[in-house]
Amino acid sequence: MVYDRWPDGDPMDSGRKYRVRWGYLAASIIVFIIDLIIALHVHDRIIRPYIGDMLVVVVVYCFVRVFVPRGMKRLPLYVFLFAVCVEVLQYFRLAEMLRLQGNAAARIILGSVFDWKDIACYGAGCLLIQIYEIRRRAL
C-alpha cells in the first residue's frame with residue numbers, strides 16, 4: 001500500500017514532511033534544554049514549579065510530532081492524559097516501589113511528589129498547545 005496523502009487528505013510532499021519533522025525535533029530539543037536549565041539552575045517560586053511543568057508537556061508534544069507530524073487532532077489531550085498518569089504514579093510512589101529513590105535520573109523522569117498544581121500546569125501547557133494547533137490549522 002502506498003501512502004501519498006496525509007490523513008486529512010492533503011497530498012504528501014516528502015520534502016515538506018521531513019522539514020516538519022526536523023522542525024519538531026529541533027523544537028523538542030530546544031524546549032528540553034530550556035526545561036533542563038530551569039530545573040537545574042532556577043530556584044524560584046514561579047518559573048521552576050509552574051513554567052517548567054508547562055514546558056514538560058510541550059517537550060512531549062513536540063517529540064510525538066516528530067513521528068506523527070500531522071493528524072491526531074486530540075494529541076494535546078493525549079499528552080495531558082499521559083502527564084496526569086505520570087503524576088498519579090508519583091502519588092503511588094512508583095520510584096520507591098521500583099527501588100529507584102536513590103537514582104537521581106529516575107527521580108527526575110518519574111518525579112517524586114504528587115501535586116495538583118502540576119496537573120493544572122500540564123493542563124495550561126496543553127491548552128496553549130491546543131491554541132497553537134487551532135491557529136496552525138487555520139493558516
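**View 1. Glu-133, a buried residue of helix α6 in a predicted model**. Glu-133 has a relative accessible area of 1% and is therefore buried (under 20%; over 50% would be exposed and anything in between partly exposed, with a 1.4 Å probe and protein chains only). Helix α6 holds this residue; helices are DSSP runs of H or I with at least four residues, numbered from the N terminus. Leaving aside residues up to four places away in sequence, Glu-133 touches Tyr-61, Arg-65 and Pro-76, where contact means heavy atoms within 4.5 Å.

**View 2. The crossing of helices α2 and α3**. The axes of α2 (residues 47-67) and α3 (residues 75-91) come within 10 Å and cross at roughly 125°. Val-57, Val-60, Tyr-61, Val-64 and Arg-65 of α2 meet Leu-75, Pro-76, Val-79, Phe-82 and Ala-83 of α3.

**View 3. The largest nonpolar core**. Eleven residues form this core, among them Tyr-24, Cys-62, Ala-83, Cys-126 and Ile-129. A nonpolar core is a set of buried Ala, Val, Leu, Ile, Met, Phe, Trp, Tyr and Cys residues joined through side-chain atoms within 4.5 Å. At least two core residues come from each of α2, α3 and α6 (116-138), and α2 gives the largest share, four residues.

**Notes.** The model is predicted: local features need pLDDT of at least 70 and side-chain atom pairs count only at pLDDT 80 or more, while totals for chains, interfaces and linings use all residues. Residues are numbered from 1 along each chain as its sequence is written, and side-chain values use heavy atoms, leaving out hydrogens and water.

Technical notes. Axes fitted to C-alpha atoms, helices over the stretch in contact; angles between N-to-C directions.
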